[in-house]
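The following exercises are to be worked through with the sequence and the model side by side. Each task is followed by its solution in steps.

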Amino acid sequence: MEVRIVGKVKVSKKERSEFLWGWAFVLPTIVGLIVLNIIPLIQTIYESFFKTGAFGKGNIFIGFDNYIRMFSDHQVWQALINTFKYAVIEVPLSIVISILLAVLLNRKMKLRSFYRTIYFLPMVAAPAAVAMVWRWLYNSEFGLLNYIGGLLKQDQVNWVSNPKIAIIFIAIVGVWSIIGYNMVLFLSGLQEIPKDYYEAATIDGAGEVRKFFNITVPLISPTMFFVVVTRIIGALQVFDVVYMMIDKSNPALEKTQSLVYLFYKYSFLQSEKGYGAAIVVLLLVVILIITAFQMYAQKKWVHYQ
């Protein structure tokens, strides 16, 4: 039996320097992740088992009472349904429109950079300004949409105060706000596709539609997967659009408030941080389940080059 004694591995100054610089660049991100994400997550789960004391002090341990209350709370389940409705409308629409825009703006055309900038502008616009513009458009008395409808002899529509349709038009604002960001991601994916594939398809007589579904869609599926995962997570955490578009006196509030909006209401308006934390934990579990399913399903439709 032969025994080998392995001596200490010598590390060169260059390797040591690269190791230290690597950690120097990664460390701020790790610290930020721990301080801004992991610690608050642990605190939220911990606080969900407590009843908030006066002035945020003297919390009382109540076990699973917040969760028992939550599962019997009609508002929580309605908010969960509202959140799913928003996501079902916003995510597919924003992705389809973004892909089409990316394909169109990936071609050689005049003012291509200008059009890309125009479509990306909503992403960098202040949320308050976006809300003001869309609230004016949706205003049932003097809004632009109803004004155009009046010219066409159409009845006035309560776009964001009708409980039956308000969530749809709030989701449209979300679509408008995010398509520029998604478009940039898809543009980066399109530019990675070798042009040889399209040239070979042209020689074989394939049309533009066939090229799109047989070449473009499969080869940008990794980018599409990333966008789908991040957009579903973002849509399930929707708050700002609902908060800025729907007033407390709006009759459509119950049919439009999301889980995060409900968390805000209980935690900061009613000082029930323990109950609000339980609502956030519910949202976390929902996101984890959906993301795990996506990670499993992506093996069947994502094609890596």
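**Exercise 1: The second largest pocket**

The second largest pocket has a lining of 22 residues, among which N37, L41, Q237, V280 and L284 lie nearest its centre. The elements that give two or more residues to this lining are α1 (13-47), α10, α12 (259-269) and α13 (273-301). The model is a predicted one, in which local features need pLDDT of at least 70, side-chain atom pairs count only at pLDDT 80 or more, and totals for chains, interfaces and linings use all residues. Residues are numbered from 1 along each chain as its sequence is written, and side-chain values use heavy atoms, with hydrogens and water left out.

Task: State how the lining of the second largest pocket divides by class, and what volume the pocket has.

Solution. Step 1: a pocket is an open set of points on a 1 Å grid over the protein atoms alone, where a 1.4 Å probe fits, with protein on both sides within 12 Å along at least five of seven lines; lining residues have an atom within 4 Å of a point. Step 2: by class, the lining has 18 nonpolar, four polar and no charged residues; Ala, Val, Leu, Ile, Met, Phe, Trp, Tyr, Cys and Pro count as nonpolar, Asp, Glu, Lys and Arg as charged, and the others, Gly among them, as polar. Step 3: the space in the second largest pocket is about 520 Å³, a volume being the space filled by probe spheres set on the points, which are joined across faces, edges and corners.

**Exercise 2: The largest pocket**

Task: Identify the element that supplies the largest share of the lining of the largest pocket.

Solution. Step 1: the largest pocket has a volume of about 660 Å³ and is lined by 18 residues, with V103, N106, R107, Y198 and T216 nearest its centre. Step 2: at least two lining residues come from each of α3 (74-105), α8 (195-203) and α9 (208-219); helices are DSSP runs (H or I, at least four residues), strands likewise (E, at least two), numbered from the N terminus. Step 3: α9 gives the largest share, six residues. Step 4: the lining comprises nine nonpolar, three polar and six charged residues.

**Exercise 3: Helix α12**

Task: Explain why α12 is described as largely enclosed by the rest of the structure.

Solution. Step 1: buried means under 20% relative accessible area, exposed over 50%, and partly exposed in between (1.4 Å probe, protein chains only). Step 2: eight of the eleven residues of α12 are buried, so the helix is largely enclosed. Step 3: the buried residues are L259, V260, Y261, L262, Y264, K265, Y266 and S267. Step 4: their cover includes α2 (65-71), α3, α10, α11 (240-245) and α13, where contact means heavy atoms within 4.5 Å.

**Exercise 4: S94 and P222**

Task: Is S94 buried or exposed, and which residues does P222 touch?

Solution. Step 1: S94 is found in helix α3 and is buried, its relative accessible area being 0%. Step 2: a polar atom of the S94 side chain lies 2.8 Å from the backbone oxygen of E90. Step 3: leaving aside residues up to four places away in sequence, S94 touches V175, I178, I179 and N182. Step 4: P222 lies in α10 (residues 221-236) and is partly exposed, at 24% relative accessible area. Step 5: with residues up to four places away again not counted, P222 touches V302, H303 and Y304.

How values were computed. Polar contact = N/O pair within 3.5 Å; in protein donor to acceptor, adjacent residues only side chain to side chain.
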